[in-house]
Amino acid sequence: MQNLEYPDRNGGHRGEAAAPDLSELIAGGTLSFLMEAHDGLSAAIAQEAGFQGLWASGLTISSSLGYRDCNEASWSMVTAVVERIVDSGRLPVLVDGDSGFGNFNNARLLGKKIRQRGAQGLCLEDKLYPKMNSFIEGRHPLADTAEFCGRLRAVKDTTPDLVLVARTEALIANRGMDEAISRANAYAQAGADAILIHSKRRDAAEIEDFTRQWQNRLPVVIVPTTYYATPVSRFRDAGVSTIIWANQNLRAAAAAMRRACATIKLEEGVVSLEDTIASVKDLFSLMNYDELVEAERRYLS
Ligand code: SPV
Ligand code: MG
């Protein structure tokens, strides 16, 4: 599956190999990594670092827009950001579609619109609309399993070439492993291509328990935000397909911006900061201004 034919700003200009399809990354049999992006710049930086795919995160897109991660940002706002992420390079993008912004009809519309903008995958979680970020305690009513399966089937029927990741929040909602497994089974039957099992524990016990019981019936995707200290080799051994580093780009940027603002305020100047921040030239390079010079030679008389 290729991204739609938008002119890539960075694609093909730096002698890099073609990006893999998202389905190859998720179902390819070796552990893959998706890096969080919340705008075109963070996407370009992730590509430059060598990542092979991107996670368009609901938390970080919302935060960067100044919204909370409880569907304050509309599906059309998220879709507009997805377009900037897709256009920023050549990497396949898995979009965090939250709970689908409503019922089956909203979910399939979201799938169609992000596909039109060039995303290759959609992740839907089994919560109600509006959802709440998984790390806010105690506010996670789950969707009825059959109703959520209808959302999945509607997306598959409408956009069959979209990689569909079904995310269960059963463990986030403290509903236990049996419920997580039975929901994952139902979502597999409804046509999901992979299962995202989310956990808020600080260790990987739930993830390893899930993978033992699940036996790779579909590829397993995880988000080690709270259990970040677990070595990746443990997930490889557990047969996990894909790790999503879901928010580190924005958290790194927030820490750096806070430091820069505090320094400038305190020192009433930027001298001590200058060598520690990206140069303007660096921004030109990330946005591939060289391509524009070439294009001007070709098109401007
Ligand atoms: C996101 O990045 O928005 C996610 C992951 O969905 S989490 O914040 O852990 O719920
Ligand atoms: Mg999210």
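Which residues are linked in a network of salt bridges? They are Asp69, Asp98, Glu125, Lys127, Lys131, Arg167 and Glu169. Keep in mind as you look around that this is a predicted model. Side chains of opposite charge can pair when their charged atoms come close.

Let's start with the overall layout. The chain splits into domain 1, covering 6–246, and domain 2, covering 255–299. If you take the C-alpha centres of domain 1 and domain 2, you find them 31 Å apart.

Now go to ligand 1. Around this ligand sit Trp55, Ser57, Gly58, Leu59, Asp96, Asn133, Ser134, Phe135, Arg167, His198 and Ala246. His198 has a side-chain N or O atom 2.9 Å from an oxygen atom of ligand 1. Asn133 puts a polar side-chain atom 3.0 Å from a ligand 1 oxygen, and for Ser134 the corresponding distance is 3.4 Å. How much of the accessible area of ligand 1 does the protein cover? On its own ligand 1 has 280 Å², and the protein covers 100% of it.

Gly58, one of the residues around ligand 1, leads us to helix α3, which runs through residues 58–65 and holds Ser62. The side chain of Ser62 reaches back to the backbone oxygen of Gly58, at 2.7 Å. Is Ser62 buried or exposed? Ser62 is buried, because its relative accessible area of 6% falls under the 20% cut-off.

Next, follow the chain into the loop between β4 (121–125) and α6 (145–158), where you'll find Leu128. Leu128 counts as partly exposed because its relative accessibility is 38%, which lies between the 20% and 50% limits. The C-alpha of Leu128 is 6.6 Å from that of Pro141, and the two residues are 13 apart along the chain. Pro130 lies in the loop between β4 and α6 as well, and a cis peptide bond joins Tyr129 to Pro130, with omega at about 0°. Most residues other than glycine have a negative phi, and most peptide bonds are trans.

Phe101 isn't a glycine, yet has a positive phi of about 60°. You'll find Phe101 in the loop between β3 (93–96) and α5 (104–116), where Phe101 is buried at 8% relative accessible area. Asn216 is also a residue other than glycine with a positive phi, near 55°. Asn216 sits in the loop between α8 and β7 (220–222) and is partly exposed, with a relative accessibility of 42%.

Arg183 and Asp126 meet through their side chains at 3.4 Å, N to O. Arg183 belongs to helix α7 (residues 177–189) while Asp126 is in the loop between β4 and α6, so this pair ties together parts that are 57 residues apart in sequence. Both Arg183 and Asp126 are buried.

Glu208 pairs with Arg234, and their closest N and O atoms are 2.7 Å apart. Since Glu208 lies in helix α8 (residues 205–214) and Arg234 in helix α9 (residues 232–237), the pair ties together parts 26 residues apart in sequence. Glu208 is buried, at 17% relative accessible area, whereas Arg234 is partly exposed, at 37%. Glu83 and Arg84 make another salt bridge, with closest N and O atoms 3.6 Å apart. Glu83 is partly exposed at 22% relative accessibility, and so is Arg84 at 37%.

Finish on the surface. Leu41, Ile45, Val280, Leu283, Phe284 and Tyr289 form a nonpolar patch there, with about 510 Å² of accessible area together. At least two patch residues come from each of α2 (40–48) and α11 (280–286), and α11 gives the largest share, three residues. Phe284 is in helix α11 and is partly exposed, with a relative accessible area of 38%.

Note on methods: Residues are numbered from 1 along each chain as its sequence is written. Chains are lettered from A and ligands numbered from 1 in the order in which they are written. This is a predicted model: local features need pLDDT of at least 70, side-chain atom pairs count only at pLDDT 80 or more; totals for chains, interfaces and linings use all residues. Side-chain values use heavy atoms; hydrogens and water are left out. Patches are made of residues with over 30% relative accessible area and no salt bridge: like charges are joined within 9 Å, nonpolar side chains (Val, Leu, Ile, Met, Phe, Trp, Tyr) within 5 Å. Accessible areas come from the Shrake-Rupley method with a 1.4 Å probe; for residues, only the protein chains shown count as cover. A salt bridge is a side-chain nitrogen of Lys or Arg within 4 Å of a carboxyl oxygen of Asp or Glu. Helices (H or I, at least four residues) and strands (E, at least two) are DSSP runs, numbered from the N terminus. Buried means under 20% relative accessible area, exposed over 50%, partly exposed in between (1.4 Å probe, protein chains only). A residue is near a molecule or strand if one of its heavy atoms lies within 4 Å of it. A polar contact is a pair of N or O atoms within 3.5 Å; within protein, one must be able to donate a hydrogen and the other to accept it, and residues adjacent in sequence count only if both atoms are side-chain atoms. Domain bounds come from an automatic or database domain assignment.
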